[in-house]
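Reader: I would like to learn how to read the aromatic rings and the nonpolar cores of a protein model. Could you take me through them slowly?
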Amino acid sequence: MVVPSSFAAGASDPPPIPSARLGTSDAPVRPLLLWVRTGAVHVRLDGGPALHLKTGEGVWIPADGWAERAITTEPGTVAFPLWPHAGVGAWGSSEPTRFDVPSGWQDWLIQLFNLQVTPFSGRGYSPEAIEELLRRPGSRSSVPVEVGRHPSSEGFASPAMPRARGARAVAEELIRDSALDLTVEQWASRVLSSARTLRRDFLADTGLTFEQWRLLCRLGAAVEFLAAGYDVDQVAARVGFASRNGLTRAFKGRFGLTPHEFGRELSARPGAGGLTQRAAAARQTDDLIRMMRKTDAPAAPEMLPAASTPSHTNDIHVLSWMYRGSGYLDIGDRRYERERGVATWIPAELDHVTGLRENSVSLPLGNASTGDLQLTAPLQVRFSPAWDDYLMFCSISARSVLRPDDHNPRHILDLFAEQVAAQRALSVPMPSDPRARAVAMECLRRIGEPGEPGEPGETQDVDVRAEIHRAFRDETGMTLGRWRYAARMRIARDLLAAGAPPSAVARRVGYAHLPTFSAAFSRFHGLSPRDYQQRESERNQ
């Protein structure tokens, strides 16, 4: 699909934000820190009195000791669930703790959510690469490769990822937080698999048993935290070892140095010890815990640091939205700029790097399978600032278990397609007469409402005066009825080009019956909806 440079902000308003909930069955295996950006949240633990949170407030809920958890949000609420590292429990309070979030910290917390749910924090050091780093022939006196701020640029990568869907989901969660201490049976239950299948998929796809893969993941994370200046006891807890001795034995057995020796050599080298994204997220969580406890609370950072992902490939299309600042998407030798408000579909099966410039924040809005969306190149659309809260709600629903009961993952696909269509529909000739233009905008807003559209010459219950009809004929060359028909068919064309099925397109442009829509589309474009979609697909291959 051809990528437009960026579409102008559409005239439509965002839908209302529904209520959401997180129940006992969704309870995390690690602490939960909930922050309310806007609206109100009610938290109830073990059937006790409800804790009511309003805009700018947060609550820390420790991982253990609460059999029943019920979190509900009121309509219109945007609340970010943050899942501190499983090893953070020792630094947080053992009791639920309410706290205020200063305004200067809010975008920082939004970016922390992004770091926890995207590849910005999902790639660490490969133990194989660290082994080479530490065991260079003839030398153990120094670390030959600098630990950089962006490990991907130094050739580091995660342990080989399994391809099977369930195993890959487990691997991605462990990369985000290697301290999670679930059994294979518990992991299998979480990804709707069996323990036998999960073990088989890890071994078949990576050449490692599940336990071997998890150990390599933990050792890679340990290298990052050691390089960031954490002591050995803190690192052991953060990456999932029961004791300092357990980490020391595994680390030395793999790399030939103890964690203490590795940290000492790094500290002796100028420029060493830069933070990876995973270590940076850990430091940010530490600052957040101190802020929550009001103990040596740090000031909010003046600037958010730049960030980037390693080059990687997704097996699904991913929709990413720039909430603040700017960023970029690199595919091959092509760079696609991402400006404030722009949402970008990143195509599946293409190696790419996404980046954020300093003081910028992005959020993932959702995914689409290759069967749901035909996409071979990025597709972008711009949302106005009026959509900010709603799109944040979409991101939270897509990447956490705090979501509406009727959450539909395909909703974001439909929302994006409709926004693209509505914005492209504005390219139809618009009357300049203010009254006629107001009628045109109202027609565009009402396209898709239930009810069978009339034939091209009808105005369909749009109450307009004769002079407005004359303005349409004089300024657009079309009657009002013909103009509405053209706008409807252009929206339908763009929805079909974006991969939406004809039956869904018919409903979205207001036709109750597919045959009626097909006949209207064929009259306007000279092709049936299916033939048009097939032609566009062949053009983009």
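Reader: Are tryptophan 321 and tyrosine 323 buried or exposed?

Author: A residue is called buried under 20% relative accessible area, exposed over 50% and partly exposed in between, with a 1.4 Å probe and protein chains only; here both tryptophan 321 and tyrosine 323 are buried. This is a predicted model, in which local features need pLDDT of at least 70 and side-chain atom pairs count only at pLDDT 80 or more, while totals for chains, interfaces and linings use all residues. Residues are numbered from 1 along each chain as its sequence is written, and side-chain values use heavy atoms, leaving out hydrogens and water.

Reader: How many aromatic pairs does the structure hold?

Author: Rings of Phe, Tyr and Trp (its six-membered ring) pair if their centres lie within 6.5 Å, and planes under 30 degrees apart count as stacked, over 60 as edge-to-face and the rest as tilted; the structure holds 17 such pairs. In one of them, the rings of phenylalanine 80 and phenylalanine 113 have centres 5.3 Å apart and planes at 70 degrees, so the pair is edge-to-face. Phenylalanine 80, at 0% relative accessibility, counts as buried, and phenylalanine 113 does too, at 1%. Tryptophan 321 and tyrosine 323 form a tilted pair, 5.8 Å centre to centre with 50 degrees between the planes.

Reader: Which residues have the most contacts inside the largest nonpolar core?

Author: A nonpolar core is a set of buried Ala, Val, Leu, Ile, Met, Phe, Trp, Tyr and Cys residues joined through side-chain atoms within 4.5 Å. The largest has 57 residues, and Leu34, Val43, Ile71, Phe80 and Trp345 have the most contacts inside it. Apart from that core lies another, of 34 residues, including Phe517 and Tyr532.
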